[in-house]
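Please read them alongside the model.

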Amino acid sequence: HIVIYNAPENTVDWSLQQIIPTGAISNYATAFYGKDLFIPGIEGINTFTTLAQTEEENSADITKLIAPLYRSYLSSLTSSNWKYIYGGINRTLNHYYICFPLTAGHEIIVYSFDHRAIVGRFTGYSMYSFCEREDGTILIGGGAGIVYTMNSGTSDDGTAISFELLTPYYYLTDEEHYKVVRRFEAVVDHSAQFTFNLDYIWDTQSGATIT
C-alpha cells in the first residue's frame, strides 16, 4: 500500500489523504519515470498516477497485450522469489526494463515510453539488477559476479546480437467480422543490412512471407 498524507510544517496538522492498494510484487522492480512510478503487480504493471486516481489495479496495465506471458513468468516463480524481480529505467532509449529470474533462463521485458507499449524482451542473459550512472550509462548485474555495460556496441563480446519481434495477431478490434487489410506499415531503425520478414495469413488459407 501507498499512504498519502497532507503534511504541512506543523506535524499536529498532518492528515491522512488516501491509502492506495498497489499490489506490488517487488520493491526492486518499481521504478520512477518523470513524475510517475511503475508498479509491477500480480496481473500486470500499473502506474502510480492512475492508481491514485482510480484505485483500480488494472486500469493502466501496460502489460495487458502480453498478459498471458506476464502471468506465466510469475507462475514460474514461487511468491517468495517475487522479491528478486528487478526493474530499471533507461532514459537514453526511453525504456523500462523488468527482469524475471526464471530457472530456465532470465527474461527481460522491454517497455517503450515512446511507443507506450511492450516492444520486446531479452533472452539468454542471466541478469539480476539495473543501475543507471549519471552520464546515462546502464550497468546490469549478472551471474558469477559480473557487471555488464549496456549499449556499448553492436555485439556481445564479439558475438552478433540477434533480434526477433513476435507480435500477437492483429484482429482489428473484432475477429468475427470480415475486414480487408490493404496496407500495413512498419518502422524499423537499423545500422546495417538485414533481412526483414513479415508473415501473414489470409482468412483460413495458407500463409505467406513478405521479405
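1. This is a predicted model, in which local features need pLDDT of at least 70 and side-chain atom pairs count only at pLDDT 80 or more, while totals for chains, interfaces and linings use all residues. Residues are numbered from 1 along each chain as its sequence is written, and side-chain values use heavy atoms, with hydrogens and water left out.

2. There are two salt bridges (a side-chain nitrogen of Lys or Arg within 4 Å of a carboxyl oxygen of Asp or Glu). Side chains of opposite charge can pair when their charged atoms come close.

3. Glutamate 132 belongs to strand 10 (residues 127–132), and arginine 91 sits in the loop between strand 6 (86–90) and strand 7 (95–100), 41 residues apart. Strands here are DSSP runs (E, at least two residues), numbered from the N terminus.

4. Relative accessibility is 29% for glutamate 132, hence partly exposed, and 44% for arginine 91, also partly exposed. The classes are buried under 20% relative accessible area, exposed over 50%, and partly exposed in between (1.4 Å probe, protein chains only).

5. Glutamate 107 and arginine 121 form a salt bridge with closest N and O atoms 3.8 Å apart. Arginine 121 is in strand 9 (residues 117–123) and glutamate 107 in strand 8 (residues 107–112), so the pair ties together parts 14 residues apart in sequence. Glutamate 107 is buried at 14%, whereas arginine 121 is partly exposed at 42%.

6. The structure has zero disulfides (pairs of cysteine sulfur atoms within 2.5 Å). Cysteine 99 is buried, at 2% relative accessibility; cysteine 131 is partly exposed, at 45%.

Technical notes. Helix = DSSP H or I, 4+ residues; strand = E, 2+ residues; numbered from the N terminus.
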